[in-house]
Amino acid sequence: MDNMARLSSSQCTKVFLQRDFTEGTGVRFQNKFPQELEGKIDRAILERTINTVNSIYLEAESLSGRTYCESCFACMTAYIAYLCMDTHYEKCLKKVARYIEEQNKTVFVQQGLMLVDPAERGLRVFEICILTEQQNR
Amino acid sequence: MMARQTGIFYLTCTLIIVTSGLFFGFDCVYLAQHVTPAIPAIGGALFIFVMATLFRTSFSDPGVIPRASLDEAAELERQMEVPNAGSPGTYRPPPRTKEVVIKGQVVKLKYCFTCKLFRPPRASHCSLCDNCVDRFDHHCPWVGNCVGKRNYRYFYLFILSLSVHCIYIFACVLTNLILRAQQDNFLTAMKESPASVIEAIVCFFSVWSIVGLAGFHSYLVASELTTNEDIKGSFTARRGADSFNPYSKGSIFKNCSQVLCGPVPPSLLDRRGYVVPDSSQAHHVSGPETQKERESNSVNVRHEYYGSTTVTNQKTGNMGTNTAPDLPPPAVVTTADEMLPAGENVKKREMISYQTPDGTINNKLPPLNGTSSPPTCGGRKNHIWDMTLNQLNYMGRSNNHAAIHGTNPGSVYPQPYRHSDYLSGTSVLPAVKGNKSTMSRGCSTDF
């Protein structure tokens, strides 16, 4: 899966959704519908996917009681605990990866689109590959 | 994730370890016998915490933003493209900033030529690490790493615990000396334990700067600012009444808990990822195992910084598509010269590289590490320094220079403008004597 994705994603047209900073520096992507995808996918589906991803990132970055305890515990152990445990944030990133993979399988690949996990792009952009179109350059 | 200059980091380590070692070896033995065994226990715990946070700060990724992939950069280029009005000789790069509104506050995002991305708010490019770092605080030579989003917490705890450790050792050493002095006089006490005297001196001199730094960073933590923003005065009242810090959570307590106990963002670098060679502008670049690639990248970067991307273009054949894609080769010199009179690039670079809050390294010149790094890199940095100096000097001497340039963008340069002459150091400017020592630093290699 990974290899195939890399191969195909290097040649096809790509649409990028940039980060949305209006709420602060937290990870959030613009859910404005890009013109290039007009007619390729239902607006509501894409919007729902992006909103879900955004909400997972919001959960990852919120200062909940759980992260608070986690950080305090790690501090007590002079941060040695981080060597052998996953932080809440990492778990959330994995959740995003799983969610995107699942969405790709069930919805997007059938429509000729593929979402790329933003973590693979350093959380800079949300990349959508149009698998049916060759890149013209 | 260490930058190239690690000497000062080893100095920090040595100072802490040697001083603590002397403390545990000499004073603790006496104090544990005569006062209480809790003293070495507390000291040990403090020492472990200090070293753990120091190593965390030094060896963790400070929050490097991975470089943009080729397609992403191309897309940004397309968005930014501005019709280039003007004669080919007077090329000016299009404005490369973008404005975003954060909680009602307008923040300008700058485009990073090296990383090919618009730096997110609060991010800045560190010239020593050659990476964009998120929530950039400063580059701390004492820990040999950038301080940014991911390791600011460790850095703050490091200086906080180090100041406590320092005060603790100082207090214990004084107690030790005073207890010994009660049995005899003070001089014999100092003769009996010379180690205590050394520790006292080290602690006495370092405690001021460390406590001062800890105090400064406590203020920053409480107001959710970075050193970078504080120095620039990004959100001070001077800039207008409606200027406020959009990143603050509202209260001191919330800001502190955000910095100290907030979520830990994982590193975005793909350390196990393959390195795409330069031809596709690697987005996985970074990490210790890709040091080589980083070095070679940074060579190209230096060029871009000074606005002469076309040279890079010729050399590597695939770089520099961003600034001047359609520029004819003879315009290289023009571009370089245009950037020069402003002189901003040079100054800016110096500022970013060597600002430290304690101000100790501030005034030093960039060290010459031409021998330790590949021959193209360290030396190259100096070439450019020299080149700009030469050109500036030349500009100062002859005023008609600019006029010649404006009319002749082609190959009809007067004699001193040929490329080879720029690089041959003193021979090009025999008349300038004042700056000879600065200029004569090795300029022998070709472009």
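D20(A) is buried, with a relative accessible area of 13%. The model is predicted. Over all chains, it holds 16 salt bridges. In chain B, UniProt places four stretches under "transmembrane region", in an unreviewed entry.

**Around D20(A)**

- D20(A) sits in the loop between β1 (12-18) and α2 (43-61) of chain A.
- Its relative accessibility of 13% falls under the 20% cut-off, so D20(A) counts as buried.
- D20(A) forms a salt bridge with R28(A), with 3.3 Å between the closest N and O atoms.
- R28(A) is partly exposed, at 30% relative accessible area.
- The side chains of D20(A) and T22(A) are joined by a polar contact of 2.9 Å.
- Leaving out residues up to four places away in sequence, D20(A) touches G26(A), R28(A), F29(A) and Q30(A).

**Other salt bridges**

- K14(A) pairs with E127(A) in a salt bridge, the closest N and O atoms being 3.9 Å apart.
- K14(A) lies in strand β1 and E127(A) in strand β3 (residues 125-134) of chain A, so this pair ties together parts that are 113 residues apart in sequence.
- K14(A) is buried at 12% relative accessibility, and E127(A) is buried at 1%.
- A network of salt bridges links K14(A), R121(A), E127(A) and D71(B).
- E59(A) and K95(A) meet through their side chains in a salt bridge of 3.2 Å, N to O.
- That pair links distant parts of the chain, with E59(A) in helix α2 and K95(A) in helix α4 (residues 88-108) of chain A, 36 residues apart.
- E59(A) is partly exposed, with a relative accessible area of 34%; K95(A) is partly exposed at 34% relative accessibility.

**Annotated segments of chain B**

- The UniProt "transmembrane region" feature covers residues 7-32, 38-59, 154-178 and 198-222 of chain B.
- Residues 7-32 of chain B are 100% helix and 0% strand, with end C-alpha atoms 35 Å apart.
- Residues 38-59 of chain B are also 100% helix and 0% strand. Their end C-alpha atoms are 32 Å apart.

**Helix α1 of chain B**

- Helix α1 (residues 7-34) of chain B has 28 residues, and at 1.5 Å a residue it should span 40 Å. Its end C-alpha atoms are 40 Å apart, which agrees.
- α1(B) bends by about 45° at D27(B).
- D27(B) is one of the buried residues of α1(B), which also include F9(B), C13(B), I16(B), F23(B) and L31(B).
- The cover over the buried residues of α1(B) includes α2 (38-59), α4 (152-183) and α6 (194-223) of chain B.

Terms used:
Residues are numbered from 1 along each chain as its sequence is written. Chains are lettered from A and ligands numbered from 1 in the order in which they are written. This is a predicted model: local features need pLDDT of at least 70, side-chain atom pairs count only at pLDDT 80 or more; totals for chains, interfaces and linings use all residues. Side-chain values use heavy atoms; hydrogens and water are left out. UniProt positions are given in the numbering used here, feature names are shortened, and annotations may be inferred rather than shown by experiment. Helices (H or I, at least four residues) and strands (E, at least two) are DSSP runs, numbered from the N terminus. The expected span of a helix is 1.5 Å times one less than its number of residues. The bend at a residue is the angle between axes fitted to the seven residues ending there and the seven starting there. Buried means under 20% relative accessible area, exposed over 50%, partly exposed in between (1.4 Å probe, protein chains only). Contact means heavy atoms within 4.5 Å. A polar contact is a pair of N or O atoms within 3.5 Å; within protein, one must be able to donate a hydrogen and the other to accept it, and residues adjacent in sequence count only if both atoms are side-chain atoms. A salt bridge is a side-chain nitrogen of Lys or Arg within 4 Å of a carboxyl oxygen of Asp or Glu.
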